[in-house]
Amino acid sequence: MGMSNLLSVVVFLPLLGAVISALVPKGSPGAAKWVAAITSGLGLALTVWLVAAFDRTASGMQFVTDVVWVQQAGIHYHLGLDGISIAMLGLSSLLGLIAVIASWKITDRAPTYFAMLLLLQVGMNGVFVALDFVLFYVFWELVLVPMFFLIGMWGGARREYASIKFFIYTLAGSVFMLVGMIALYLQTGTFDMVELARLGAGGTLGLGFQNWVFLAFFLGFAVKVPVFPLHTWLPDAHVEAPTAASVLLAGILLKMGTYGFIRVSLPMLPDAARVWAPWIAVLAVISIVYGAAVAFAQTDLKKLVAYSSVSHMGFVMLGIFSLTAAGLNGAIAVMFSHGVVTGMLFLIVGMVYERTHTRQIADISGLSSAMPVMGGLLAFASFASLGLPGLSGFVGEFLSLIGSWQSTVIPHWMTVIAAVGVLLAAAYTLWMVLRVVLGTPSDVVRGLPDASPRELTALAPLIALTLVVGLSWSSLLSFVDPAVKALVAALGGAA
Amino acid sequence: MGTWTLIAPEGLLLAGALVALFADVLLPARERAGAWVGAGFAAIAAAVSVAAGGGTLFGGQFAIDGATQVARAATLVLTAVFLAWLAGAGLKRGRVREFAALVLFAALGSLLMAAARDWIVLLLALETATMPAYVLMGFDRGDDRSLEGALKYFLLSMVASLLFLYGASFVIGMSGSTLLAASRLQPGAIGVVAAAFVFAGLLAKLSAAPFQWWSPDAYAGAPSPAVAFVSSVPKIAGLFAFARVAAVLAPQTAAAGPLLVAAAVASMLVGNLAAYPQTDVRRLMAYSGVAHAGYLLVGLAAGTVAGAQAAVFYAIAYAVPSMGVMLVAAQYGETLDDLRGLATRRPWVAWATGLMLVSLVGVPPLAGFVGKLYLFTAAMRSGLVWLSVLAVVMSAVSAGFYLRVIRAMFFAAGGNAGPAARGSRVASAVVASCAIAVIVIGVASSPLMGALAFGR
């Protein structure tokens with residue numbers, strides 16, 4: 001089997017698992033989670049194999065598959081990986097498995113639940129490897145359906161509202177992407193994303209055309225990120241979603257938006273990207289500060305993490321639209337690190353909630369007195385989140401700020417405000433740690449069992465990655481950098 | 001090769017209808033035998049229609065090209081599938097054989113409509129397809145609402161036919177021939193009036209705005225199986241005939257484009273917004289039908305072959321899930337309350353329904369998405385960018401009311417137990433096959449689009 005077929009297997013293996021899981025007979029609901037664990041585990045193993053076989057020195061696409069899908073419309077089944085997508089695919093495969101482990105205790109309609117979780121993986125994996133625009137859109141939208149059901153069927157009290165809001169909000173964004181995609185096709189005659197990027201760098205598209213297509217894509221991607229003021233679906237969806245869905249929502253789905261900017265908006269519409277960059281940077285800075293400020297005010301731990309995501313994703317946007325190599329490297333590092341660290345935070349919040357049935361910060365104070373391991377891990381994840389040097393969160397935000405300072409399109413004062421956002425993140429995170437981990441033990445937490453081996457299994461790979469990436473940036477950036485350099489070169493060529 | 005094989009499917013349907021009608025004489029013990037017989041005849045007719053190939057009959061009044069074949073085959077397959085469902089699930093008040101015969105007569109009219117290349121033949125076909133539908137909509141003789149709905153449908157449909165005939169009479173007079181291809185509109189107001197009347201008649205048959213107001217009342221009163229058929233299957237041939245007529249008339253009068261665009265905009269807005277407050281699935285699907293008529297008109301407004309192809313494709317991509325959802329409603333209850341908790345009672349039926357609803361929203365990779373991709377590509381190629389933007393926004397809006405049905409089925413625990421689910425295996429298989437078709441048409445759209453070749 002060629003390595004390019006392996007990529008298709010990685011994408012569609014969860015689909016097979018989803019079908020098998022859905023067909024699990026009523027008598028043995030426990031089998032579904034094993035099906036999910038085995039397929040996700042196998043998927044992760046194959047992804048690791050891809051990572052090992054990946055040539056880090058090359059900037060182009062590797063493991064490419066390209067066959068005609070719909071001849072009349074010029075749609076291809078076209079997959080491939082570069083350094084940016086392999087980082088995201090790795091994250092997606094890892095969090096996919098962790099989401100399954102985190103759902104081990106789900107017994108309510110378990111076959112359906114795990115089928116949805118696996119179907120979600122198909123969409124997530126697919127988005128990061130699709131090189132045909134229609135295929136990209138298919139995977140992009142495919143994600144909506146299982147997430148809608150996961151929130152709506154297994155979510156919290158306001159799950160119906162949150163799930164429908166999530167679905168309609170993101171669908172409304174992405175239909176504009178569809179229009180932009182068709183416009184680009186009519187202009188260039190191709191849906192091939194590599195070819196579109198080449199045409200974009202060649203400067204064949206007029207600025208006026210680029211501008212409005214850019215706007216259409218912006219609506220599609222920015223809702224997903226989410227960028228202020230399109231973020232309002234996020235707190236609802238995050239808070240109501242079951243733990244595993246929150247992990248994937250924050251860990252992967254938000255990254256799909258920023259990935260879209262990197263894979264689509266920048267290379268295909270470089271001139272428009274230059275025009276819009278300062279304005280998007282303004283929104284990014286607002287997201288950073290606003291997300292942090294609102295996080296301060298939260299009394300619900302899960303909401304706090306949700307709003308902190310808005311803030312962190314602001315750094316990603318700032319890094320991307322600095323249009324510099326440092327900024328883009330930083331953006332991808334934040335994407336990766338935020339996926340790992342926020343995944344960890346949501347897992348821990350979920351674990352605490354399973355025991356205490358509350359997420360109110362005031363109710364669970366003094367966690368470490370009853371659960372020293374869990375409290376310690378929460379503190380660890382929080383430090384990683386606020387960007388403590390030596391942990392994974394630091395490198396990305398640092399490089400994003402460097403990039404935005406170097407950038408010729410972003411004024412320095414914006415970088416300064418964004419840097420204040422780092423301080424704010426430290427403040428609200430430490431304040432949370434102070435109250436939850438160290439505060440006087442509340443009645444609720446007293447006598448609760450500490451982290452179980454299964455829970456530690458789910459967290460262990462994330463802890464390891466946080467340390468590895470934090471201590472050795474190049475372990476991640478050596479994959480990403482060649483692709484980023486090529487992208488920046490193409491952007492420069494268009495200027 | 002005898003060209004008479006071209007019209008053999010019509011003959012088979014006629015024979016099937018007559019056999020079904022007299023099924024209780026031939027097979028007195030089996031109430032539902034008529035439906036089985038009809039399904040068999042329709043299935044054979046579908047095979048014959050594909051095998052017969054293309055050609056022309058009756059001096060060009062009746063012609064079949066690739067696109068016509070697709071429209072006819074799709075109509076026949078869906079008719080066969082519908083009759084199989086009918087045979088499996090039966091009707092609450094019996095009289096299955098009459099129902100089956102009427103369905104076959106309506107399908108017969110639809111087949112003729114797709115192949116008609118002559119104004120008079122087209123009118124006759126239109127009437128043949130519509131008249132059985134009046135009876136189907138008023139099938140519950142004892143139910144006042146059903147009769148009221150049927151009467152509304154009858155009156156508006158008659159008016160629509162007359163509008164069409166009135167317009168057609170002008171066209172025939174101006175061109176001196178009844179053949180569609182020979183139609184010549186004179187410049188000036190008279191051409192506009194003729195085209196407007198013809199379009200108005202066809203818009204009403206398609207339940208497009210501003211002639212949509214009959215459909216919610218008619219559907220809500222009618223028995224659900226009748227709605228399942230009438231709201232979906234005849235629309236394929238209806239849209240196809242519309243595409244033919246528009247292709248002939250639109251290039252000859254500058255008013256045609258704006259008329260189609262206006263009808264498309266009105267249909268999309270009215271359909272999608274009015275569907276929101278509905279709690280009866282029949283009314284909801286009635287407005288959904290209006291909205292989808294709007295998307296179809298976007299394709300016709302493009303005024304290109306690609307637009308017409310996309311519209312025919314989308315008519316099929318709409319008809320399959322629309323029929324499937326209504327069949328589920330026919331079996332498990334027409335209000336959202338009836339469907340509450342269906343996912344617990346009949347999980348597979350609920351998932352199949354959910355899939356079809358999601359396709360109607362236009363989520364990839366399902367049929368509805370691919371159809372919309374073709375439609376909007378064609379429209380944007382013709383410069384109708386703003387219309388496409390409106391259409392995609394309306395697609396996102398439509399998610400709201402389709403999701404309400406999904407919410408009732410999946411998110412509400414238990415709910416009202418609903419009418420005892422009649423677990424007919426055949427009926428479930430039909431619903432499942434509709435859902436599978438939605439996936440297959442979406443993922444493998446290439447053969448279908450390739451077959452949609454428009455000749456003269």
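Biologist: Against which helices do the buried residues of helix 6 of chain B pack?

Modeller: In this predicted model, the buried residues of helix 6 of chain B pack against helix 5 (96–115), helix 7 (144–175), helix 8 (189–205), helix 9 (214–221), helix 10 (224–230) and helix 11 (233–249) of chain B. The buried residues include B:Trp119, B:Leu122, B:Leu126, B:Pro132 and B:Tyr134.

Biologist: What makes a residue of helix 6 of chain B, such as B:Trp119, count as buried?

Modeller: The criterion is 20 or more other C-beta atoms within 10 Å of its own.

Biologist: How do you know that the span of helix 6 of chain B agrees with its number of residues?

Modeller: At 1.5 Å a residue, the 19 residues of helix 6 (residues 119–137) should span 27 Å. The end C-alpha atoms are 27 Å apart, and therefore the two values agree.

Biologist: Why is helix 1 of chain B called roughly antiparallel to helix 3 of chain B?

Modeller: Helix 1 (residues 8–21) and helix 3 (residues 33–51) of chain B pack at an angle of about 175 degrees, with axes 9 Å apart. Angles over 145 degrees count as roughly antiparallel, so the description applies to this pair. Their contact comprises 13 nonpolar, 4 polar and no charged residues.

Biologist: Which helix of chain B gives the most to the side that touches chain A?

Modeller: In total, 25 residues of chain B are in contact with 27 residues of chain A. Helix 19 of chain B gives the most, with 11 residues.

How values were computed: Residues numbered from 1 in each chain as written. Chains lettered and ligands numbered in written order. Predicted model: local features only at pLDDT ≥ 70, side-chain atom pairs only at ≥ 80, totals over all residues. Contact = placed C-beta atoms within 7 Å. Helix = DSSP H or I, 4+ residues; strand = E, 2+ residues; numbered from the N terminus. Axes fitted to C-alpha atoms, helices over the stretch in contact; angles between N-to-C directions. Parallel < 35°, antiparallel > 145°, perpendicular 65-115°, else oblique. Nonpolar A, V, L, I, M, F, W, Y, C, P; charged D, E, K, R; others polar. Expected span 1.5 Å × (residues − 1). Buried ≥ 20, exposed ≤ 12 C-beta atoms within 10 Å, placed from the backbone.
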